[in-house]
Amino acid sequence: MTHTITTDLVHRLVPSPAGRIHLVEQGSGPLVLLVHGFPESWYSWRHQLPALAAAGYRAVAVDVRGYGRSSRPEAVDAYRMLELVADNVAVVHALGEPTAVIVGHDWGSAIAANSALLRPDVFRAVGLLSVPYAPRGGPRPSEGFAQFGGEDEEFYISYFQQPGRVEGEIEPDVRGWLAGFYAALSAETMPAPGAPAPHFVSRGGRLRDRFPAGRLPSWLSERDLDFYAGEFERTGMTGALARYRNVDRDWEDLADHDGAPITQPSLFVGGTQDVSTGWMADAIEAFPATLPGLVSSRMLDGCGHWIQQERPQEINRLLTDWLTGLPA
């Protein structure tokens, strides 16, 4: 069923434990909350907002705390997963709704998954894009990441840990860095097989040393890049990077949920050219145990990491088909 859209995008600031959360909404009907990843913003859902509104949903994309027009607390531990879940609950309630479906991409996928895990009373279904659900477990995350690079390289999450270090790489040229990072993880512009992996830093080097240069992926217009760069030039990168600086804190906070499944109806969509789905292939294989409510799991052939921007029509169709089939 297609509904007539009578409203364009509406921007709001709503109260949350962070202070205020900026959100953008379109349409009316059951609430669908869209949560972005790094380094993005509500704008990464620009193709989904009108499509979900047309399908009869109230589509709401947030700026996660630390991003865009949302509050940016100074304390690093203000970006722990428990705080981000509390923000999502506050958004649902501020919009006058008792429940919502939550959909996330990249870090937003982990935030959405944990929102569903910790607050099943609020989040009745969960959609995960690019990054599969992996229950809390294993060794302390920072110890695991430290072993990924070996002697000569450092894994990007380890590189992101020290406040100020990667900010010093990015902030002198935010637009150029973002262009390279987006291109490095896009199917059509990523480095060729066998080239140095862009998720690692050579000892003494920079992450951007391995980014492709010279052209933007077709999903990213100069105008799109201007929007993203303008947001981060205004806010700086520290709030966004703080998410990575809480991986150990999250592991401690979620100890009581070790190995816990998410039982609500769920959806997973990944790209075959996204390293996230390769690195986390075991998590995808474990879905029968970890996502017992899984309705659909799809891999889009030839798609990279920025899945809802690289393949907006396919993602819109998969999301609306899944949403239509959910219990009311």
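Guide: Let us begin with a convention for angles: those of 65 to 115 degrees count as roughly perpendicular, those under 35 degrees as roughly parallel, and those over 145 as roughly antiparallel. Please keep in mind throughout that this is a predicted model.

Visitor: How is that convention applied to a pair of helices, and what is the case for H2 and H3?

Guide: In general, two packed helices are described by the angle between their axes and by the distance between those axes. Here the axes of helix H2, residues 81-94, and helix H3, residues 107-118, come within 9 Å and cross at roughly 75°, and H2 and H3 are therefore roughly perpendicular to each other. On the H2 side, the residues that meet H3 are Met81, Leu82, Leu84, Val85 and Asn88, while H3 contributes Trp107, Ala110, Ile111, Asn114, Ser115 and Leu118. Sorted by class, this contact has eight nonpolar residues, three polar ones and no charged ones.

Visitor: Turning to the strands, in what order do they lie in the sheet, and which of them stand at the edges?

Guide: The general idea is that strands of a sheet pair through backbone hydrogen bonds, either parallel or antiparallel. In this model eight strands form an open sheet with mixed pairing, in the order S1-S2-S4-S3-S5-S6-S9-S10. Strand S1 (10-16) and strand S10 (294-300) stand at the edges, and each has a single partner strand, so one side of each is left without a neighbour in the sheet. If direction is ignored, neighbouring strands of this sheet are turned by 20° against each other on average.

Visitor: Which helices pack on this sheet, and which strands do they touch?

Guide: H2 is one of them, touching S1, S2, strand S3 (31-35), S4, strand S5 (100-105) and strand S6 (123-129), and its direction makes about 120° with that of S1. Helix H15, residues 312-325, also packs on the sheet, touching S3, S5, S6, strand S9 (266-271) and S10, with a direction that makes about 165° with that of S9.

Visitor: How do S1, S2, S3 and S4 pair, in the parallel or the antiparallel sense?

Guide: S1 and S2 pair in the antiparallel sense over seven bridges, and they form a hairpin with two residues between them; within this pairing, His11 stands opposite Val24 in S2. Strand S2, residues 19-26, and strand S4, residues 58-62, run antiparallel and are joined by four bridges, with Val62 in S4 as the bridge partner of Leu23. S3 and S4, by contrast, pair in the parallel sense over five bridges, and Val35 stands opposite Val62 in S4.

Visitor: Are the two faces of S3 covered or open?

Guide: In a regular strand the side chains alternate between the two faces of the sheet. For S3, both faces are covered, with Leu31, Leu33 and Val35 buried on one side and Val32 and Leu34 buried on the other.

Visitor: What should I look for in the backbone torsions, and where are the exceptions, for instance at Asp106?

Guide: Most residues other than glycine have a negative phi, and most peptide bonds are trans. Asp106, in the loop between S5 and H3, has a positive phi near 60°, and Asp106 is buried, with a relative accessible area of 11%. Ser130, in the loop between S6 and helix H4 (141-146), likewise has a positive phi, near 75°, and counts as buried at 0% relative accessibility. As for the peptide bond, a cis bond joins Phe38 and Pro39, with omega about -15°, and Pro39 is found in the loop between S3 and helix H1 (48-54).

Visitor: Which residues touch the most other members of the largest nonpolar core?

Guide: That core has 96 residues, and the ones touching the most other members are Phe38, Val103, Phe123, Phe160, Leu178, Leu207 and Trp322. Leaving aside neighbours within four places in sequence, Leu178 is in contact with Pro39, Leu225, Tyr228, Ala229 and Phe232.

Visitor: And what does Thr277 contact, beyond its neighbours within four places in sequence?

Guide: Thr277 lies in helix H11, residues 275-279, and is buried, with a relative accessible area of 7%. Its contacts of that kind are Ser130, Phe268, Gly270, Gly271, Ile284 and Met299.

How values were computed:
Residues are numbered from 1 along each chain as its sequence is written. This is a predicted model: local features need pLDDT of at least 70, side-chain atom pairs count only at pLDDT 80 or more; totals for chains, interfaces and linings use all residues. Side-chain values use heavy atoms; hydrogens and water are left out. Axes are lines fitted to C-alpha atoms, for helices over the stretch in contact, and angles run from 0 to 180 degrees between N-to-C directions. Contact means heavy atoms within 4.5 Å. Ala, Val, Leu, Ile, Met, Phe, Trp, Tyr, Cys and Pro count as nonpolar, Asp, Glu, Lys and Arg as charged, and the others, Gly among them, as polar. Two strands pair if DSSP finds at least two bridges between them. Buried means under 20% relative accessible area, exposed over 50%, partly exposed in between (1.4 Å probe, protein chains only). A nonpolar core is a set of buried Ala, Val, Leu, Ile, Met, Phe, Trp, Tyr and Cys residues joined through side-chain atoms within 4.5 Å.
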